[in-house]
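Subject: Structure handover

Hello,

Here is the structure I promised to pass on. Please open it next to this email and follow along.

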Amino acid sequence: MNEPAATEVDETARTRWSELVGLIEQARELYYEDDAATLSDAEYDLAFRELVELEDAHPELASADSPTQTVGGERSEMFEPVTHLRRLLSLDNAFSAQELDAWAARVERELGSVPSLLCELKVDGLAVDLVYERGRLTSLATRGDGRVGEDVTGNVRYLPAIPRSLRRTAAHPVPELVEVRGEMFFALADFTSLNDEMLAQGRSPFANARNAGAGTLRQRVDRREDELAQARERGSSTVARLQVELDRAVRRLSLLRLVVHGIGVWHGHEPVRQSEAYDALRGWGLPTSDRARVVPDMAGVGAYVEHYGEHRHDVEHEIDGVVVKVDELSLQDRLGSTSRAPRWAIAYKYPPEVVRTRLLGIEVNVGRTGRVTPFALMEPVHVAGSTVSMATLHNADEVRRKGVLIGDIVFLRKAGDVIPEVLGPVVEERDGTEREFVMPTHCPSCGTELAPSKEGDVDIRCPNARSCPSQLRERVFHVASRGALDIEGLGWKAANALLVDGIITDEGDVLGLRADQLAGSEFFTRDPGKDESGRPLSANSEKLLGQLEVAKARPLWRVLVALSIRHVGPTAAQALARELADLDRIAAASVEELAAVEGVGPIIAEAVVEWFAVDWHREVVRKWRAAGVRMSEERSDDGPRPLEGVTVVITGTLEGWTRDSATEAVQERGGKVSGSVSKKTDFVVAGENAGTKLDKARALGRPVLGAEGFQALLDGGAAAALERTVPA
């Protein structure tokens with residue numbers, strides 16, 4: 001009785017197995033041979049995982065040529081074949097801490113304990129294999145299928161990232177033969193520029209830097225040069241076009257960078273550990289990552305994974321995870337490999353940041369300064385740890401530049417906490433039903449005709465700043481935002497209730513609110529319930545009124561930010577408050593006086609003068625002053641303040657301080673807080689997880705302070721702080 005059901009299940013599994021194999025093999029072919037991605041990384045990983053689980057449940061389905069047993073990628077006929085001296089394998093993936101621990105448990109079973117481990121970033125690039133004989137480069141090849149790759153040595157002359165010969169040092173003698181593995185990649189800024197070029201040509205953008213790197217490195221530049229030479233001999237009209245194409249190809253190649261992360265064959269002076277091999281490679285002039293770390297145990301691995309999970313966007317290139325390796329090479333040999341991956345290494349994958357989804361529609365939002373911004377409505381998709389259904393499109397010109405149509409399958413990127421962004425369309429997926437977006441001519445909130453704020457401005461705005469409901473609501477909400485007056489209890493819903501219930505007419509009324517005014521609003525008088533301990537919570541009105549009193553004492557720069565002056569963010573506001581110290585002085589200053597303030601400039605200066613020229617803007621200031629809002633910096637004129645002329649950069653998490661409180665402490669003592677490290681930086685205050693700013697400080701030789709040194713700086717000035725610097 002049970003046999004038919006079992007047969008049916010087996011047939012279902014077999015059918016799904018065939019579907020997954022076909023899907024993965026097609027994706028591999030397009031990815032490795034055409035440098036095109038029909039699946040996002042997340043979709044590919046999901047399909048591959050399902051295939052592994054299906055074969056685990058039904059071992060009879062697994063075969064030697066299954067994608068789970070092979071390394072993806074075939075050699076293109078455009079290049080000569082190169083047989084690698086040692087096979088390049090893929091890596092098994094872990095998508096959770098539990099899977100990472102399971103790998104460590106397998107290593108411990110094999111070796112008796114978990115040895116020291118090497119952690120490094122998983123660069124989202126193109127795998128390459130370099131061979132040096134007697135210190136000279138003899139071969140540069142792509143990975144291909146792991147055994148045979150493509151010979152792209154001819155392009156080395158355009159790749160400044162790859163040394164033609166190794167630098168000889170006494171500490172690290174160059175071996176007779178060494179095979180080096182690495183990743184070629186584009187820096188993020190270059191990758192963005194390349195995608196802009198693709199969109200300008202009406203082509204799909206690269207989904208990730210890896211595809212971009214593959215498409216760039218796997219070019220036959222020599223053929224382009226031959227075509228150009230022949231066209232010149234013939235006097236052909238195609239010379240100009242061919243020259244442009246050649247120049248573009250050469251320029252792209254020159255932008256590719258390299259980081260080496262592995263060794264294949266090594267004859268002579270062999271290292272004991274992989275980390276030692278990196279020291280030698282670095283000494284020979286090959287680019288290794290300065291972020292690789294050897295850790296003693298899985299706790300160290302966890303800390304490394306967590307750190308770069310939070311700071312992956314501080315890195316100059318794309319990463320999609322962390323690679324963990326057994327550091328000792330003899331132990332790597334003991335652990336060995338499967339048919340496709342080493343047992344001594346694993347890749348921990350972060351949640352994907354680029355996925356594909358369908359663009360269902362495009363609507364517009366009216367912001368607090370009147371800017372009308374298109375945004376995409378999409379089929380909900382899970383990306384970077386959350387489900388996303390909306391993404392920014394910036395402006396109408398950007399929609400046209402990216403070439404997205406309603407109904408398109410699009411690449412969507414969500415980098416950390418950054419607002420999701422549509423990268424561009426998957427042009428190959430179009431079926432003709434897609435349609436263009438038409439920007440509205442009138443404000444969807446108040447009906448006012450839209451127009452650019454000034455000639456040549458790509459943004460269009462609603463000029464009804466005084467009473468447009470959308471602008472009003474956004475400005476009131478902004479007053480309470482963390483970067484402005486930081487008023488807990490005045491969120492978007494509360495701001496909307498204040499306006500809808502007629503309690504306020506604009507942001508000028510917010511700081512003078514009274515209990516009797518809030519009593520007429522259901523939002524502010526409803527029963528708030530109890531906390532986890534059963535204690536009654538404060539009503540919305542009590543919470544808001546208490547926070548308003550705190551907000552009135554905020555420093556001047558926060559007041560400037562809260563006023564919603566165009567272009568005036570925290571940096572410009574801090575500069576103005578530091579230099580002029582009084583809102584009346586700022587309001588009365590000329591464009592020239594304001595522009596002379598370091599960090600301001602003419603554009604911000606003009607925006608400030610224009611803002612204070614509007615009568616209802618001045619009325620907002622009058623209302624806030626009447627409510628008791630602080631309108632000046634409390635300065636002492638008894639000589640210079642202890643940090644006068646001192647520039648500080650604050651990075652990482654500093655015990656006992658928030659970033660804002662640390663910034664304000666420096667500014668109250670006359671110091672300047674900068675967002676970037678340069679030779680003009682006097683001190684870098686570095687807390688936990690300091691990231692690249694700390695690296696740059698060390699590279700430039702700038703003094704670094706920890707929590708104790710920071711306190712010494714505040715208490716005793718620069719001289720006292722220099723005695724508490726952190727060793728490099």
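What share of the 728 residues of the protein counts as buried? The figure is 49%. Keep in mind that this is a predicted model. The secondary structure comes to 25 helices and 22 strands. Now take the contacts between residues at least 6 apart in sequence: 67% of them join residues at least 24 apart.

Two helix pairs

Two packed helices are described by the angle between their axes and the distance between the axes. I looked at two pairs this way.

Start with α3, residues 97-111, and α9, residues 298-311. Their axes come within 11 Å and cross at roughly 150°. An angle over 145 degrees counts as roughly antiparallel. The helices α3 and α9 are therefore roughly antiparallel to each other. Their crossing is right-handed. On the α3 side, the contact is made by L100, D101 and A104. On the α9 side, M298, V301 and V305 make it. By class, the contact of α3 with α9 has five nonpolar residues, one charged residue and no polar ones.

Next come α12, residues 469-479, and α13, residues 492-500. Here the axes are 9 Å apart, and the angle is about 125°. That makes α12 oblique to α13. The crossing of α12 and α13 is right-handed. From α12, the contact takes in L472, R473, E474, V476 and F477. From α13, it takes in W492, A495, N496 and L499. These residues divide into six nonpolar, one polar and two charged.

Two residues with positive phi

Stay with α12 and α13 for a moment. The loop between them holds D486. What is the phi of D486? It is near 50°, a positive value in a residue other than glycine. D486 has a relative accessible area of 32%, so it counts as partly exposed.

H567 also has a positive phi, of about 75°, and it is not a glycine. Find H567 in the loop between α17 and α18, where α18 covers 570-580. Its relative accessible area is 44%, so H567 is partly exposed.

K552, a loop lysine

Go to the loop between α16 (540-551) and α17 (556-562), where K552 is found. Is K552 buried or exposed? The cut-off for buried is under 20% relative accessible area. K552 has 13%, so it is buried. Where does its side chain reach? The side chain of K552 reaches the backbone oxygen of A627 at 3.1 Å. Leave out residues up to four places away in sequence, and K552 touches L511, A627, G628, V629 and R630.

Last, find D92 in the loop between β1 (81-83) and β2 (93-94). D92 has 31% relative accessibility, so it counts as partly exposed. How far apart are D92 and P342 in space? From C-alpha to C-alpha, they are 7.8 Å apart. In sequence, D92 and P342 are 250 residues apart. Which residues is D92 in contact with, leaving aside neighbours within four places in sequence? They are R340, A341, I346 and A347.

Then go on to α12 and α13, with axes 9 Å apart. Finish with the loop residues, among them K552 and D92.

Best wishes

How values were computed. Residues numbered from 1 in each chain as written. Predicted model: local features only at pLDDT ≥ 70, side-chain atom pairs only at ≥ 80, totals over all residues. Heavy atoms only, no water. Helix = DSSP H or I, 4+ residues; strand = E, 2+ residues; numbered from the N terminus. Buried < 20%, exposed > 50% of the residue type's maximum accessible area, 1.4 Å probe, protein only. Contact = heavy atoms within 4.5 Å. Axes fitted to C-alpha atoms, helices over the stretch in contact; angles between N-to-C directions. Parallel < 35°, antiparallel > 145°, perpendicular 65-115°, else oblique. Left-handed = near helix turned anticlockwise from the far one by under 90°. Nonpolar A, V, L, I, M, F, W, Y, C, P; charged D, E, K, R; others polar. Polar contact = N/O pair within 3.5 Å; in protein donor to acceptor, adjacent residues only side chain to side chain.
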